Amino acid sequence: MASIPIIDFSLSVSDPKECARQIYEASRDIGFFYLKNHDIAPELIDRMFDCSKWFFDRPVQEKNQYPIGPNNSGYSPMKSETLDPEHQTQGDLKEAFNITKKSIDDESAKCFVQGNVKEQARVGTFFKDLHRLAIDIMKCFAIALQVPESAGGQHFFDKSHEWDEPSGTTLRFLHYPPQDSDPKTPLAGSHTDYGSITLLMQKDTAGLEVQASRIHKDVPWIAAPVIPNTILINIGDHLQMWTNGLLKSTMHRVTYNPQQLHHSRYSIACFIHANDDTRLRPIPSPLIPQEMRAEVDEFEAGRNMTAGEYLTWRLERTYDFWKSEI
Ligand SMILES: O=C(O)CCC(=O)C(=O)O
Ligand SMILES: [Fe+2]
């Protein structure tokens, strides 16, 4: 059965081609991989989980001071997002706080750290560190996909993922509160991520599950356990569209392990998106099939959109506030 590989990211310095090969294979086969020996300081990650717990422990009126809206920053309460609207009977059993590149210095981000500006700066550093790591990972894709030098070579993705350009890139803190009994719905419904790649940090409580095949719908879901000192990376819809389905934007969801029903689960996701004006059409690479693959059909709508339009299109389908505005 497919499993999620662990890739040693120190290879990106010592043997970039080998690193690119391993990342490419994992992204083609399962769409998920763990990175060890990345350069994000473990103390910083721990600190961010502390911030997350402090925030989610606050009374709901306080958390709701900056509710999420069309700019995709701020607080989304329990059940306000439904990641799998076709199958879910209730919204996701999670609460979240989003920080975007634009909101990082705002009052909303300050509210997340209860007014502590030093902590707010630390959150900003963390976000930028993750973005830098993401650019290094994207370089591996450009190497593996043999993007011609004339199109930018290994730096092909740099210009479409600039920190200073408007994009949907978002840092998201998630909290799945304990349940009294086994909920009949997943805590986060099945979905694919909307951007280029996602960097996910989990702590203590497992629950993430991954569908190992997009083609064979009956394959079992496999667990993506918490592996200390790793960051879990997954491919998002942009990369699937850019590669005409060669790389996989894999379905995933969050369920509770009954043994951990009474524990809170915390995770932190950094969703990396291309600049808003980036097209989602196949990129220059000799490896990308010209024929559209069946499993990419469902993303057909995105092919005529920019990255920014695609994000809006996906968010409109999952958030209550958007539905009530229509
Ligand atoms: O909390 C997790 O582990 C995963 C969350 C997730 O998949 C998402 O927010 O897109
Ligand atoms: Fe996700």
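Mentor: Helices (H or I, at least four residues) and strands (E, at least two) are DSSP runs, numbered from the N terminus. This is a predicted model: local features need pLDDT of at least 70, side-chain atom pairs count only at pLDDT 80 or more, and totals for chains, interfaces and linings use all residues. Residues are numbered from 1 along each chain as its sequence is written, while chains are lettered from A and ligands numbered from 1 in the order in which they are written.

Trainee: Okay. Where is Gly168 found?

Mentor: Gly168 sits in the loop between H6 and S5.

Trainee: Is Gly168 buried or exposed?

Mentor: Gly168 is buried, because 24 other C-beta atoms lie within 10 Å. The cut-offs: 20 or more such atoms within 10 Å for buried, 12 or fewer for exposed, partly exposed in between, with C-beta atoms placed from the backbone.

Trainee: Which residues is Gly168 in contact with, leaving aside its neighbours within four places in sequence?

Mentor: Asn72, Gly195, Phe271, His273, Ala307, Gly308 and Leu311 are in contact with Gly168, once those neighbours are set aside. Contact here means C-beta atoms, placed from the backbone, within 7 Å.

Trainee: And how far apart are Gly168 and Leu133?

Mentor: From C-alpha to C-alpha, Gly168 and Leu133 are 17 Å apart in space. In sequence, 35 residues separate Gly168 from Leu133.

Trainee: New topic, the sheets. What order has the open sheet of 8 strands?

Mentor: The order is S1-S2-S10-S7-S12-S5-S4-S3, and the pairing is mixed. Two strands pair if DSSP finds at least two bridges between them. Strand S1 (6-8) and strand S3 (74-76) are the edges, and each pairs on one side only. From one strand to the next, the twist averages 25°.

Trainee: Which helix packs on the sheet, touching S1?

Mentor: Helix H2 (residues 16-29) does. H2 also touches strand S2 (32-36) and strand S10 (230-235), and the direction of H2 makes about 160° with that of S1. Axes are lines fitted to C-alpha atoms, for helices over the stretch in contact, and angles run from 0 to 180 degrees between N-to-C directions.

Trainee: What does helix H3 lie across?

Mentor: Helix H3 (residues 42-56) lies across strand S4 (95-100), strand S5 (170-176), S7 and S12. H3 runs at about 115° to S12.

Trainee: Back to H2. At what angle do H2 and helix H6 pack?

Mentor: H2 packs with H6 (residues 117-144) at about 90°, and their axes are 8 Å apart. So H2 is roughly perpendicular to H6.

Trainee: Which residues meet there, between H2 and H6?

Mentor: H2 brings Pro16, Lys17, Cys19, Ala20, Arg21, Ile23 and Tyr24. H6 brings Ile137, Cys140, Phe141, Ile143 and Ala144. By class, that contact of H2 with H6 has 10 nonpolar, no polar and 2 charged residues. Ala, Val, Leu, Ile, Met, Phe, Trp, Tyr, Cys and Pro count as nonpolar, Asp, Glu, Lys and Arg as charged, and the others, Gly among them, as polar.

Trainee: How many bridges does S4 make with S5?

Mentor: S4 pairs with S5 over 6 bridges, in the antiparallel sense. Glu95 stands opposite His175 in S5. S3 also runs antiparallel to S4, joined by 3 bridges. There Gly74 stands opposite Asn98.

Trainee: What about S7, how many of its residues are buried?

Mentor: 6 of the 7 residues in S7 are buried. S7 pairs with S12 in the antiparallel sense over 7 bridges. In that pair, Lys203 stands opposite Tyr266, and Ile197 stands opposite Ile272. S7 and S10 are joined by 4 bridges and run antiparallel, with Leu199 opposite Ile233.

Trainee: What order has the open sheet of 4 strands?

Mentor: S6-S11-S8-S9, with antiparallel pairing. Strand S6 (188-191) and strand S9 (221-223) are the edges. Strand S8 (residues 208-211) and S9 share 3 bridges, and Gln211 stands opposite Trp221 in S9.

Trainee: Last one. Which residues surround ligand 1?

Mentor: Leu174, Ala188, Asp193, Leu200, Gln202, Leu208, His252, Val254, Ser267 and Ala269. Each counts as near if its C-beta atom, placed from the backbone, lies within 6 Å. Strand S7 (197-203), strand S11 (252-254) and strand S12 (265-272) each give two or more residues to that shell. The shell has 6 nonpolar, 3 polar and 1 charged residues.

Notes
Two residues are in contact if their C-beta atoms, placed from the backbone, lie within 7 Å. Angles under 35 degrees count as roughly parallel, over 145 as roughly antiparallel, 65 to 115 as roughly perpendicular and the rest as oblique.
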